[in-house]
Amino acid sequence: MHRRILAPSVLAASLLLAIPASATDFTPGAPGIGDPYYPSSGNGGYDVSHYDLRLKYQPATDLLEGTATILATTTQNLSRFNLDFGLAVSEVRVNGTKAKYVKTGTQELEITPAAPLAKGKSVSVVVKYAGKPSELSIDGYTAWHRTPDGGVAAQEPDSAVWWFPSNDHPLDKATYDVSVLVPDGTQAISNGTLQSQSSKLGWTRYNWRSNKPQASYLATLAIGKFDITTDTTANGLPVINAYSKDLGDNDGAARASIERTKEVTEWLSDVFGPYPFNSVGGYVPNVTSGFALETQTRPYYSPKQFANGANVSVVVHELAHQWYGDSVSVNGWKDIWNNEGFARYAQWLWSEKEGEGTAQELADYVYAQHPADDPFWKVKPGDPGADNQFDLAVYDRGGLALQALRNAVGDKTFFTILKGWPAAHQYGNAKVGDFVQYAEKVSGKPLAGLFDTWLYQPVKPAALAAKKAKLVAGSVVTQPKSWKKIAATNEIHDRH
């Protein structure tokens, strides 16, 4: 009997041939979801369905301790994958088994599970972590606002990386349970509805639930001492508003504005269709920032928004986003007009309703205020670029586009479009082009040229285009009564 002796190279080759092809087909998930504006935002290889965040926060020291349980489904054969996160991690488990992990770049948590993950499988990821969010700076800015009595997480396009690991891009929406333990006498506010509250040994736990798909930047956390008011809308929707106890001179104006949330929500429901979430409200923490943000179900307002008195227009803007931006989110950040153009136009419609200037009069005024050589017209709302994502043109020129659409298709069709779009794409994502196609479908008219003129051409639309949009082309146009209140919100999303 003769044994055949294989050379090492031949033996290795034969072993490789014995391994099923599928076993070699596991690759790393991409470290970004593919957004050209923010290449490092989000990740590839999986889709999250739910975040369960169990947190403990000490206001005196800004120490946040957390355990995040993430439920997801793989979208490819994964050898490893990334989460977006900035705080220090102490342990990661994938499907219950400890996994290797390493921090890379400014916000990447790279995880290698003990065994590769097959495509289409359910996966649980548990991340334990701790740190002081106020000490974390990414690309020169922070989304964590330290307050005299606690801290607040709110920012766009990124805020999650400061307080929980996530797939941080609007394309990957999920539901949320947020449980927060804070010292007695301190409150924790988040999205959705308060499921329960309990106290033990000097600590109080608040359990919040957001039961509809939510983008990670729309998740919010506010810890401090608040005066909380509650109500319900005409159809039973819970209204939860919160005001820091130390707002000073801005307290009255903030309350006079935000306490109209119920009224504004009911009105917007007539314009945009049924409200899409399980609660509504707003909160005003004692922060030094000046912006507001459409954090889902519970918009964030800086006290400075009310420094010159009550301003319901800012409330209209952020609540309009619950339909346009939150329920229907951007496909990529270049589609920001789908959010901001409509929120600005909602302010114009509120002005029209209140008898303080029609949307047409506001459009006339915007068109007249910017001469042809104004840089305002260089910004393309349909694709403004990352540096101009929150430029005034995205708002005001974006509003002009909608007024042009309204005049082209007539009020009946226009308001049918406004109400139908959030229903057609509810809880999903959409591109600017998707809206153009939807408007064409509903109206039965070719509208690509109209949108190209008002959203994509880096020049002031000429007199003929203005005439078609029924805009007053002259330079002398009376300022609508609502203009100052609306203009006061021009830097509403100026987060830097």
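## Strand β10

In β10, G150 and V152 point one way while G151 and A153 point the other, and all of them are buried (under 20% relative accessible area with a 1.4 Å probe, protein chains only; exposed is over 50%, and partly exposed lies in between). In general, side chains in a regular strand alternate between the two faces of the sheet. Strands here are DSSP runs of E with at least two residues, helices are runs of H or I with at least four, and both are numbered from the N terminus.

A quick note on the source: this is a predicted model, where local features need pLDDT of at least 70 and side-chain atom pairs count only at pLDDT 80 or more, while totals for chains, interfaces and linings use all residues. Residues are numbered from 1 along each chain as its sequence is written, and side-chain values use heavy atoms, leaving out hydrogens and water.

## V152

V152 sits in β10, which covers residues 150-153. V152 counts as buried because its relative accessibility is 0%. Setting aside neighbours within four places in sequence, V152 has contacts (heavy atoms within 4.5 Å) that include W144, L221, Y283 and Y300.

## The sheet around it

β10 belongs to an open sheet of four strands, ordered β9-β10-β15-β12 with antiparallel pairing; two strands pair if DSSP finds at least two bridges between them. β9 (144-147) and β12 (187-189) are at the edges with a single partner strand each, so one side of each has no neighbour in the sheet. Neighbouring strands are turned by 15 degrees against each other on average, direction ignored (axes are lines fitted to C-alpha atoms; angles between N-to-C directions run from 0 to 180 degrees).

Now the pairings. A hairpin takes β9 into β10 through two residues, and four bridges join these antiparallel strands; W144 has A153 as its bridge partner in β10. Three bridges link β10 to β15, with G151 opposite I223. β12 is joined to β15 (residues 221-224) by three bridges too, and Q187 stands opposite G224.

F451 touches W337, L405 and Y456, among others.

Helix α4 (residues 312-320) is mostly covered, with nine of its nine residues buried, including H317 and E318.
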